[in-house]
Amino acid sequence: MGLKDLPADARPREKLIARGAAALSDSELLALLLRTGVAGTHVLQLAQQLLQQFGGIAGLLQASAEDLKRIKGLGGTAKRAELLAVLELSRRALAQQLAQRPVFDAPQAVKDYLQLHLAGHAHEVFAVLFLDSQHRLLALEELFRGTLNQTSVYPREVVQRALHHHAAAVVLAHNHPSGEVEPSRADEALTQNLKAALALVDVRVLDHVVVGPGRALSMAERGLI
């Protein structure tokens, strides 16, 4: 069953046109992308099931092509491609915003951007946002990957990549797959080590963001930088 099988006043497409996208629920917006359900499952039910399985929109957008392929109703390429395209468009839109304005002018956009890149990983990933002298985004690189509980981060490699990008400043970031975003003492010590190493080449550490599913914490906002 698809969207056309719904009463006219209950169809997400018509509701969006009449009342705007903000009036739609997450499942209704997702149903617009899916368009059709599967045997015995209406498209809105399929959308709700997907959201529950992946822990909401953020989790779904973090799903890989292989994750989606295993879901009944997403075995074909078209729907999976559309969902993956939405994620990539979101990343590019946020990257463009951060490339055009100082990161301190858009702190929530920084968190959103990092969540889109890091929150879905089942293992720890350490990434760096490299910024120009106006604190605009030059590049994001995932530099190190580790186990569920720890990542080995080498300051020399971070310094080398900063020099490669001619960066004037950086924002450090890593994810906590457990969902707990409170920085550990090890996180604080790592931040200070990287701050000291980068200072030797005149690169400032502006922040260290800890990312979890659905949320992110700024160590700078906590006064830990």
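1. In this predicted model, Glu-221 and Lys-111 form a salt bridge, with their closest N and O atoms 3.3 Å apart. Glu-221 belongs to the segment after β5, whereas Lys-111 sits in helix α7 (residues 107–118), so the pair ties together parts that are 110 residues apart in sequence. The two partners may be compared by their accessibility. Glu-221 has a relative accessible area of 56% and is therefore exposed, the cut-off for that class being over 50%. Lys-111 has a relative accessibility of 12% and so counts as buried, since buried means under 20%.

2. How many salt bridges does the structure hold? The number is 7, and the bridge between Glu-221 and Lys-111 is one of them.

3. Arg-161 is partly exposed, at a relative accessible area of 26%. Glu-141, by contrast, is buried, at 16%.

4. The side chains of Glu-182 and Arg-222 likewise meet in a salt bridge, at 2.7 Å from N to O. This pair links distant parts of the chain, 40 residues apart: Glu-182 is found in the loop between β3 (169–175) and α9 (185–199), and Arg-222 in the segment after β5.

5. Attention now turns to the packing of helices. Helix α2 (residues 26–34) and helix α3 (residues 43–54) have axes that come within 8 Å and cross at roughly 115°. The two helices are therefore roughly perpendicular to each other, a class that covers angles from 65 to 115 degrees. Their crossing is right-handed.

6. Which residues make the contact between α2 and α3? On the α2 side they are Asp-26, Ser-27, Glu-28, Leu-30, Ala-31 and Leu-34, and on the α3 side Val-43, Leu-44, Leu-46, Ala-47, Gln-48, Leu-50 and Leu-51. Sorted by class, the residues of this contact comprise 9 nonpolar, 2 polar and 2 charged.

7. Helix α2 has a further partner in helix α6 (residues 77–100): the axes come within 9 Å and cross at roughly 130°. At this angle α2 is oblique to α6. From α2, the contact involves Leu-30, Leu-33 and Leu-34, and from α6 it involves Lys-79, Glu-82, Leu-83 and Val-86. The contact of α2 with α6 has 5 nonpolar and 2 charged residues, and no polar ones. Leu-30 and Leu-34 take part in the contact with α3 and in the contact with α6.

8. Two residues deserve a remark on their backbone. In general, most residues other than glycine have a negative phi. His-135 is not a glycine, yet its phi is positive, at about 65°. Where is His-135 placed? His-135 lies in the loop between β1 (125–131) and β2. With a relative accessible area of 17%, His-135 is buried.

9. Asp-202 likewise has a positive phi, of about 60°, although it is not a glycine. Asp-202 is placed in the loop between α9 and β4 (204–212). Is Asp-202 buried or exposed? At 66% relative accessibility, Asp-202 counts as exposed, whereas His-135 is buried.

Methods. Residues are numbered from 1 along each chain as its sequence is written. This is a predicted model: local features need pLDDT of at least 70, side-chain atom pairs count only at pLDDT 80 or more; totals for chains, interfaces and linings use all residues. Side-chain values use heavy atoms; hydrogens and water are left out. Axes are lines fitted to C-alpha atoms, for helices over the stretch in contact, and angles run from 0 to 180 degrees between N-to-C directions. Helices (H or I, at least four residues) and strands (E, at least two) are DSSP runs, numbered from the N terminus. Angles under 35 degrees count as roughly parallel, over 145 as roughly antiparallel, 65 to 115 as roughly perpendicular and the rest as oblique. A crossing is left-handed if the near helix is turned anticlockwise from the far one by less than a right angle, and right-handed if clockwise. Contact means heavy atoms within 4.5 Å. Ala, Val, Leu, Ile, Met, Phe, Trp, Tyr, Cys and Pro count as nonpolar, Asp, Glu, Lys and Arg as charged, and the others, Gly among them, as polar. A salt bridge is a side-chain nitrogen of Lys or Arg within 4 Å of a carboxyl oxygen of Asp or Glu. Buried means under 20% relative accessible area, exposed over 50%, partly exposed in between (1.4 Å probe, protein chains only).
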